[in-house]
Amino acid sequence: MTGPHSTTDDIAEAKRLLEIYGSDLNRWPADARARWGDIAMSAALEKDRADADALDGFLRAATAPKTPHDLKNRIEAGYRPPAEKAGGASRGLAGLSALSSWIRPLPAGAFASMAALGFAAAAVVDATGDLPPEYEAYAYMENSGLAAFDEDTGATWDAE
Amino acid sequence: MARAGRGDRRAASILVERHTDKIYAVCFRTLRSRPAAEDAAQETFLRLWKNASKWRPKGAKFETWLYRVAMNICLDQLRKAKREAPEESAPEQADEAPRQDDQLFAAERRLAIDEALEALPDRQRAAINLCHYQELSNIEAADIMGVSVDALESLLARGRRGLRDRLIPIREALTGRMSDDGTAQHN
């Protein structure tokens with residue numbers, strides 16, 4: 001109710017709030033409701049309240065959107081776990097992939113040479129304790145169980 | 001969100017289940033077209049998946065961030081559509097309800113109200129959408145729209161005034177048989 005403490009400014013503010021937030025005080029910001037709610041419900045603003053109330057009724061009567069039944073499925077289908085989209089692992093193992101791509105067409109006889117080279121490399125590694133970077137990354141992932149590593153973010157994900 | 005970012009499909013599924021209806025609703029009410037709203041909702045989630053691994057719980061509230069993404073997509077679409085096809089198109093009705101007696105009246109009333117909403121400038125409609133339909137606080141809605149609370153209140157006031165100017169003159173025709181919850185009634 002407007003009382004002796006309601007000033008013209010208070011009434012103007014309550015009217016402004018009715019125009020902005022409507023006649024349902026639950027939609028008003030809490031502080032505004034506490035300060036001007038009673039004034040908004042007073043007889044002085046009866047017409048403004050009725051107009052705001054009518055407008056709220058119209059808004060309630062507008063078309064209510066119904067989510068299409070398959071939309072959630074389509075959205076879920078668009079989900080790609082980071083491991084699937086990340087190029088980090090494949091980039092990290094690019095050296096190995098390149099290696100295997102040119103190993104495949106080699107005739108069987110060549111594998112004997114490769115094996116010999118492998119033994120030689122193992123001997124070098126054994127002697128120096130170092131692995132080429134690609135092999136180190138691969139060995140780390142093998143040992144730690146990590147399936148992917150995003151080089152951009154530094155994030156790692158568990159395999160699914 | 002963090003789990004979805006780590007590749008947890010179940011977590012992603014929960015996010016979809018929890019937020020799709022709200023995001024679709026905000027898209028539909030902003031774009032007034034079902035196919036466009038579906039596209040916008042899907043695009044919103046694609047951006048979510050893209051950013052999921054970078055998500056940190058501190059900072060913006062997740063839902064506010066998601067609404068902001070959706071709203072930006074919608075407003076971009078509207079800007080693009082206006083550039084490409086400036087002519088007006090009739091608002092789409094979401095439901096093809098059986099047209100019988102009260103339902104016919106309700107459908108006509110809904111159409112008039114939809115048209116009034118459609119006629120509002122995009123940002124005024126977006127403000128009403130977020131505050132009235134999504135029931136967000138003025139602070140959240142302002143944050144989503146990237147404006148101050150004062151600017152949001154201005155958008156809301158102008159939007160509601162625009163609706164009032166269009167609808168109040170035909171209130172008698174519109175409310176003749178309308179109950180408080182917006183459903184049709186016999187006199």
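User: Leaving aside neighbours within four places in sequence, which residues is Thr44(B) in contact with?

Analyst: Contact means heavy atoms within 4.5 Å. Thr44(B) is in contact with Ile23(B), Leu66(B), Val69(B), Ala70(B) and Ile73(B), once its neighbours within four places in sequence are set aside. Here is how to read the model. It is predicted, so local features need pLDDT of at least 70 and side-chain atom pairs count only at pLDDT 80 or more, while totals for chains, interfaces and linings use all residues. Residues are numbered from 1 along each chain as its sequence is written, chains are lettered from A and ligands numbered from 1 in the order in which they are written, and side-chain values use heavy atoms, with hydrogens and water left out.

User: Where is Thr44(B) found?

Analyst: Helices (H or I, at least four residues) and strands (E, at least two) are DSSP runs, numbered from the N terminus. Thr44(B) is found in helix 3 of chain B, residues 34-51.

User: Does one count Thr44(B) as what, buried or exposed?

Analyst: Buried means under 20% relative accessible area, exposed over 50%, and partly exposed in between, with a 1.4 Å probe and protein chains only. Thr44(B) is at 0%, so it counts as buried.

User: What is the secondary structure of chain A and of chain B?

Analyst: Chain A comes to 9 helices and 2 strands. From the N terminus on, its elements run α-α-α-α-α-α-α-α-α-β-β. Chain B has 9 helices and 0 strands. Its pattern along the sequence is α-α-α-α-α-α-α-α-α.

User: At what angle do the axes of helix 6 and helix 7 of chain B cross?

Analyst: Two packed helices are described by the angle between their axes and the distance between the axes. Axes are lines fitted to C-alpha atoms, for helices over the stretch in contact, and angles run from 0 to 180 degrees between N-to-C directions. Helix 6 (residues 122-133) and helix 7 (residues 138-145) of chain B have axes that come within 9 Å and cross at roughly 140°. That makes helix 6 of chain B oblique to helix 7 of chain B. Angles under 35 degrees count as roughly parallel, over 145 as roughly antiparallel, 65 to 115 as roughly perpendicular, and the rest as oblique.

User: Which residues meet in helix 6 and helix 7 of chain B?

Analyst: Helix 6 of chain B brings Arg123(B), Ala126(B), Ala127(B), Leu130(B) and Cys131(B) against Ala141(B), Ile144(B) and Met145(B) of helix 7 of chain B. By class, this contact has 7 nonpolar, no polar and 1 charged residues. Ala, Val, Leu, Ile, Met, Phe, Trp, Tyr, Cys and Pro count as nonpolar, Asp, Glu, Lys and Arg as charged, and the others, Gly among them, as polar.

User: How many Å apart are the axes of helix 2 and helix 6 of chain B?

Analyst: The axes of helix 2 (residues 9-31) and helix 6 of chain B are 9 Å apart, at an angle of about 145°. Val26(B), Arg29(B) and Thr30(B) in helix 2 of chain B meet Arg125(B), Asn129(B), Leu130(B) and Tyr133(B) in helix 6 of chain B. The residues of that contact divide into 3 nonpolar, 2 polar and 2 charged.

User: Where is Arg32(B) found, and where is Glu135(B) found?

Analyst: Arg32(B) is in the loop between helix 2 and helix 3 of chain B. Its phi is near 60°, a positive value in a residue other than glycine. Arg32(B) is buried, with a relative accessible area of 4%. Glu135(B) is in the loop between helix 6 and helix 7 of chain B. Its phi is near 55°, also positive in a residue other than glycine. Glu135(B) is exposed, at 59%.

User: How many residues does the contact take from chain A and from chain B?

Analyst: It takes 40 residues from chain A and 55 residues from chain B. Buried area is the accessible area (1.4 Å probe) that two parts lose on being put together, summed over both. Chain A and chain B bury about 4400 Å² between them, 57% of it on carbon and sulfur atoms. Phe58(A), Thr63(A) and Tyr79(A) supply 18% of the area that chain A buries against chain B, more than any other three residues.

User: At what angle do helix 3 of chain A and helix 8 of chain B pack?

Analyst: Helix 3 (residues 46-61) of chain A and helix 8 (residues 149-167) of chain B pack at about 90°, with their axes 10 Å apart. They are therefore roughly perpendicular to each other. Asp51(A), Ala52(A), Leu55(A), Asp56(A), Phe58(A) and Leu59(A) meet Arg160(B), Leu163(B), Arg164(B) and Leu167(B).
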